[in-house]
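Biologist: I would like to go through this model one residue at a time. Please show it first.

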Amino acid sequence: MLTIYNSLTRRKEKFQPIDQGKVRMYVCGITVYDYCHIGHARMILVFDMIVRYLRFRGYEVNYVRNITDIDDKIINRSLENGEPFNELTGRFIQAMNEDFEALNVLVPDSEPRATDHIEQIVAMIGRLLDNGYAYRAENGDIFYDVSAFEDYGKLSGKNIEELRTGIRVDVQEEKTDPVDFVLWKAEKPGEPAWDSPWGRGRPGWHIECSAMSTHCLGDDFDIHGGGQDLRFPHHENEIAQSRGAGSRNFVNMWIHNGFVRVDDEKMSKSLGNFFTIREVMARYLPEVIRFFILSSHYRSPLNYSDGHLDEARAGLTRLYTSIRDIDPGEGEPDPGYRQRFEQVMDDDFNTRAAVTLFHEIAGDINRLEDKASEHGARLARTLVQLGDVLGVMQMAPGEFLHAAAGDGDISPEDINRLIEERAQAKAAKDYAEADRIRERLTEQGIILEDGPGGTTWRWK
């Protein structure tokens, strides 16, 4: 039985979807005003893994991941750049898709954009006004009345009175209460705006996800996910909005992935330790990045460092090396290992334990006298098929091993040239030169393996 840690109840719970065998899942996607960073990568890969595993376990999954293509950050960046907001978002949506494709991220079943759902957003705000959960301020903005929703703070554990004392009252004097939040912003000069019964304007950020998720998945659905930073206020406000507009529970299970830290410090632009996915992919294979991220449990903090990425590359190299000379063939995986894999993954998607299991399988392969045997093929097939659930182990082993070596300061072409020079040195009985070449490659992290068919190489 699959158990998932529910952020709302703060405990692991047995997963029972609303409709048997079917899962409706919504994840807050990217606000597209800049290149995606390594924190985005963790969130996207965590929920990509969850979707893959749910499907592996036989569920029919309807996966919705939105795009926020209108909000304050987007407008401010477009004004700074002097370009229309939709041209800005179009550029970064394309960049986002390129990054995610490189990371082997599945395309969601639906990818709604906020600007395509203004009608649903306006309709939800109308219901909140009618139900007494919202009010219109003197400046034309519409705010959510937090005091009208008795369960506010349940997801995040926030106390409304403590929130009030920590908010500057002069930030928005038009609010009735400083904890209230905006649903609709009245039109301002130079900003994009849409028609509504209350005049032209644009939606607040929080209402966008409530409207898109319920439009795509219904008023009540199974799983809502996102980064830990979204737990408050974004997800807290989503609950208030959606239930105020008519949802009964809105979401049964909330899943949040942990923060990314850089060398044990919080990642931020101000600290200068902020890395885009593209910057990291320029130095490491996308599959190495994916393996690094999923080698930790999704709820734990993830400490990003070159050293940890190097360890991930070495670990993935060991897995690929174990199956390098084996044809996995067609068929079922080893039943014992599949059962153990399901046991650890059923325990709140424990990918860390799954990766440990992968290394155990590789160890069993390496101990075989005849890797090409039926047993060796079944173990290799098991590693490939279970690896696919995490989105790894899908390259040809030789292709990965050569590409991984190319992550460093020496190219595969240079390695092959040096191997040829070493062969010539050995043929000329210049063993000192042959040893010098081997040592040079060893310093670069390249292991040479001499065999009857010649010399092959792999990354250490």
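Biologist: In which strand is the place of Ala 134?

Modeller: First, this is a predicted model, in which local features need pLDDT of at least 70, side-chain atom pairs count only at pLDDT 80 or more, and totals for chains, interfaces and linings use all residues. Residues are numbered from 1 along each chain as its sequence is written, and side-chain values use heavy atoms, with hydrogens and water left out. Helices (H or I, at least four residues) and strands (E, at least two) are DSSP runs, numbered from the N terminus. Ala 134 belongs to the strand covering residues 134-136, namely β5.

Biologist: Is Ala 134 buried or exposed?

Modeller: Buried means under 20% relative accessible area, exposed over 50%, and partly exposed in between (1.4 Å probe, protein chains only). Ala 134 has a relative accessibility of 12%. Ala 134 therefore counts as buried.

Biologist: What separates the C-alpha atoms of Ala 134 and Leu 183?

Modeller: Contact means heavy atoms within 4.5 Å. Not counting residues up to four places away in sequence, Ala 134 touches several residues, among them Phe 143, Tyr 144 and Leu 183. Ala 134 and Leu 183 are 49 residues apart along the chain, and their C-alpha atoms are separated by 8.3 Å.

Biologist: Which backbone oxygen lies 2.7 Å from a polar atom of the side chain of Thr 317?

Modeller: Thr 317 is in helix α10, residues 306-322, and is buried, with a relative accessible area of 1%. A polar contact is a pair of N or O atoms within 3.5 Å; within protein, one must be able to donate a hydrogen and the other to accept it, and residues adjacent in sequence count only if both atoms are side-chain atoms. The oxygen at 2.7 Å from the Thr 317 side chain belongs to the backbone of Arg 313.

Biologist: What is the relative accessibility of Phe 250?

Modeller: Phe 250 is found in the loop between α7 and β10 (251-257). Phe 250 is not a glycine, although its phi is positive, about 75 degrees. Phe 250 counts as buried because its relative accessibility is 0%.

Biologist: Which residue in β2 is the bridge partner of Asn 6?

Modeller: Two strands pair if DSSP finds at least two bridges between them. Strands β1 (residues 3-6) and β2 (residues 11-14) run antiparallel and are joined by 4 bridges. They form a hairpin with 4 residues between them. For Asn 6, the partner in β2 is Arg 11.
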